[in-house]
Amino acid sequence: MADITPSRPYHIIIFGATGFTGQFVVEEVARCAAEGPSGSSLKWAVAGRSRRRLEAVLNQAAGRLSMPELSTEIEVIVADVSNEESLAIMCQQGVVVLNCVGPYRFYGEPVVKACVENGAHYIDICGEPQFLERMQLDYHTKAKNKGVYVIGSCGFDSIPADLGVLYTQKQFKGTLTAVESFLRISSGPEGFSGHDATWQSAVYGFADSGSLRQLRKKFGHKPLPVVGAKVKKRGLLFFSKEMEQYGIPFLGSDPSVVKRTQRFLYEEQQQSPVQYSAYVGVGGVFSVVKLLCGGLLFWFMVKFSFGRKLLTMFPSFFSFGFFTKAGPTVKQIEDTCFSLTFLGEGYSEGADPSHGLPNAKICTQVVGAEPGYVATVSALVQAAVTLLNELHSLPSRGGVYTPGAAFYKTSLINRLHNHDIKFSIRSCP
């Protein structure tokens, strides 16, 4: 259990509380205030560059949630990623810092560094593999020596995928050897959209994909062993009967995060690693045409600084309205939900994975509300609540971890289930 002290008065500090996602996090922490350690109330604060804007966010949350006390009882901390001293002062006051300031490749490391140096646990919602893996390379040993947990990708990227694979492994009777996931997002008449900050992360992430390959070489990892039959990857574009629409490989952080978790479980817990492939539905023929045209233009433009500038200046135009500077409307958020289906195969109890083809299958599913600003926020806050309540169940005594590596022995899946992110077994197609 992680509790507050007179010198560290807050269980949770939300850094970047005035951002588009940060405002949703403020409301979710307020709703979950009764879930503190040992049944106590969470003591929390908001942090960011502008005291005036932070106070405005608290006033807005107070009105939306009918909690007038938020305007007067929640502390405001002024901190800026460009001011190391202000970050240190912030981190010295909290048990856990929830970092909502992205793109993380530009603004994340100073917060990680301040947390490690000042003894605050760190959790974020980053979906940028370059940042996540670089933090592991540069800060794992430092965080471990300080007894600090740094846990990235605790939003929709990548808790449903990472914990979904672990859930599938636990439910399988035998040795699970491979899992494919299929993401389907359903929306109402106004469609689904994302905020400009997510678009920026994608632009700069794809532009810098070459550095990720170089970064991975520095770890010196040996390839994970392939247990059982090697699974053939699906094509770049295919019709998926699982999603009943065309699908493509999922280009987010899920494959990277899941593989890092599987490596941790193999190396530290001697568990058999699972092969993992992730796919996402893109709709019908018209959507495929838009995707091909937009994708080719995107891949060309991210290679040049002027192209990246245009992409980030006009996100709505280049993403066909999918990403906007204003973000989704309340109606769009309310009408959107996701399902993430996992198809696993392996060897039943008593069967030898080194002989023959897999002889057993399993299908599981994770479902939830709008992924970007509802499911993400629930996952982030429940990750923090789990850390605060079950610190003794986390691995080792600190370090940089994926959600699956950090929380595989905790009750996080049950907590998510109670907050409308549901894990279940399904009948196989």
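Helices (H or I, at least four residues) and strands (E, at least two) are DSSP runs, numbered from the N terminus. The structure is a predicted model, in which local features need pLDDT of at least 70 and side-chain atom pairs count only at pLDDT 80 or more, while totals for chains, interfaces and linings use all residues. Residues are numbered from 1 along each chain as its sequence is written, and side-chain values use heavy atoms, with hydrogens and water left out.

**Nonpolar cores**

- A nonpolar core is a set of buried Ala, Val, Leu, Ile, Met, Phe, Trp, Tyr and Cys residues joined through side-chain atoms within 4.5 Å; buried means under 20% relative accessible area, exposed over 50%, and partly exposed in between (1.4 Å probe, protein chains only).
- The largest nonpolar core has 112 residues, and the members that touch the most others are Ile-14, Trp-44, Val-46, Met-90, Leu-98 and Ile-123.
- Helix H16 (residues 371–389) provides the largest share of this core, 11 residues.
- Another core, of eight residues, lies apart from it and includes Trp-199, Phe-298, Phe-318 and Phe-323.
- With neighbours within four places in sequence left aside, Ile-14 is in contact (heavy atoms within 4.5 Å) with Gly-22, Val-25, Val-26, Val-29, Trp-44, Ala-45, Val-46, Ala-47, Leu-98 and Cys-100.
- In soluble globular proteins, nonpolar side chains tend to be buried together.

**Cavities**

- On a 1 Å grid over the protein atoms alone, a cavity is a set of points where a 1.4 Å probe fits but cannot get out, and a pocket is an open set with protein on both sides within 12 Å along at least five of seven lines; lining residues have an atom within 4 Å of a point.
- Grid points are joined across faces, edges and corners, and a volume is the space filled by probe spheres set on the points.
- Two cavities of 30 Å³ or more are present in the structure.
- The largest cavity holds about 50 Å³ of space, and its lining includes Tyr-122, Asp-124, Phe-131, Arg-260 and Tyr-401.
- Strand E5 (121–124), helix H7 (129–146), strand E6 (149–151) and E15 each give two or more residues to the lining of the largest cavity, with H7 giving the most, three residues.
- By class, the lining of the largest cavity has eight nonpolar, one polar and two charged residues; Ala, Val, Leu, Ile, Met, Phe, Trp, Tyr, Cys and Pro count as nonpolar, Asp, Glu, Lys and Arg as charged, and the others, Gly among them, as polar.
- The second largest cavity holds about 30 Å³, and among its lining residues are Ser-181, Phe-250, Asp-254 and Leu-340.
- E7 and strand E11 (275–283) each supply at least two residues of the lining of the second largest cavity; E11 gives the most, three residues.

**Second largest pocket**

- The volume of the second largest pocket is about 510 Å³.
- Its lining has 23 residues, of which Phe-24, Glu-27, Arg-31, Tyr-373 and Val-374 lie nearest the centre of the pocket.
- Helix H1 (20–31), helix H2 (51–65), helix H15 (330–334) and H16 each supply at least two residues of this lining, and H1 gives the most, with six residues.
- The lining of the second largest pocket comprises 12 nonpolar, five polar and six charged residues.

**Salt bridges**

- The whole structure has 16 salt bridges, each a side-chain nitrogen of Lys or Arg within 4 Å of a carboxyl oxygen of Asp or Glu.
- Arg-105 and Asp-208 form a salt bridge, with the closest N and O atoms 3.2 Å apart.
- This pair links distant parts of the chain, 103 residues apart: Arg-105 is in helix H5 (residues 104–107), and Asp-208 is in the loop between helix H9 (196–207) and helix H10 (209–219).
- Asp-208 is partly exposed, at a relative accessible area of 28%.
- Glu-390 and Arg-415 meet through their side chains in a salt bridge (3.1 Å, N to O).
- Glu-390 lies in the loop between H16 and strand E15 (399–401) and Arg-415 in helix H18 (residues 412–417), 25 residues apart.
- Glu-390 counts as buried, at 11% relative accessibility.
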